[in-house]
Amino acid sequence: MIGSYLILHYGKPRLKKAVASIYPQVDKIVILYSPAPSQGFQTDLKCPDTREELLNEVSEFMDKIEWIDGSWSVEGEHNDAHAQYLKDCEWIVRFDADEVFSEGSVKYYIELAKTKTAHIFRVPF
């Protein structure tokens, strides 16, 4: 099984396109949503995107999406939270709301990763 995950605080303008590009290539998508930023510095600035707006952007893909609401104080915790939701996956792909995968690219990179000995394989952009 191929799983994927996205840590999300905002990203409405490109979120739908990113999810649509990975949707046919994976079996499961976990979206780890936080109403406050976990990356960089904490701020009191209001997020430009509401939870409801973000959910609406991906509503047509919900058959594969597990939406997790959480509050993580640092990026590492936010990023690592995926592990408990993707335990049944042999391969896990992390993506961001502004990343678009070309058709077949996930399978291509998994096949390439199988030739490597590393546990983590980073795809260059």
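Tyr23 is buried, and so is Phe61, where buried means under 20% relative accessible area, exposed over 50% and partly exposed in between, with a 1.4 Å probe and protein chains only. The model is a predicted one, so local features need pLDDT of at least 70 and side-chain atom pairs count only at pLDDT 80 or more, while totals for chains, interfaces and linings use all residues. Residues are numbered from 1 along each chain as its sequence is written, and side-chain values use heavy atoms, with hydrogens and water left out.

Now to the rings. Searching the whole structure turns up four aromatic pairs, counting rings of Phe, Tyr and Trp (its six-membered ring) with centres within 6.5 Å; planes under 30 degrees apart are stacked, over 60 edge-to-face and the rest tilted. Tyr23 and Phe61 form a tilted pair, because their ring centres are 5.1 Å apart and their planes lie at 55°. This pair links distant parts of the chain, 38 residues apart: Tyr23 is in the loop between α1 (12-22) and β2 (28-33), and Phe61 in the loop between α2 (51-57) and β3 (65-69). Helices (H or I, at least four residues) and strands (E, at least two) are DSSP runs, numbered from the N terminus. Phe95 and Phe101 have centres 6.2 Å apart and planes at 80°, so that pair is edge-to-face; both residues are buried.

Then there is helix α4 (residues 105-113), whose buried residues are Ser105, Val106, Ile110 and Ala113. They sit on the same side of α4 because they cover an arc of only 135° around the axis, taken from the directions from the helix axis to the C-beta atoms. On the other side of α4, Lys107 and Tyr108 are exposed.
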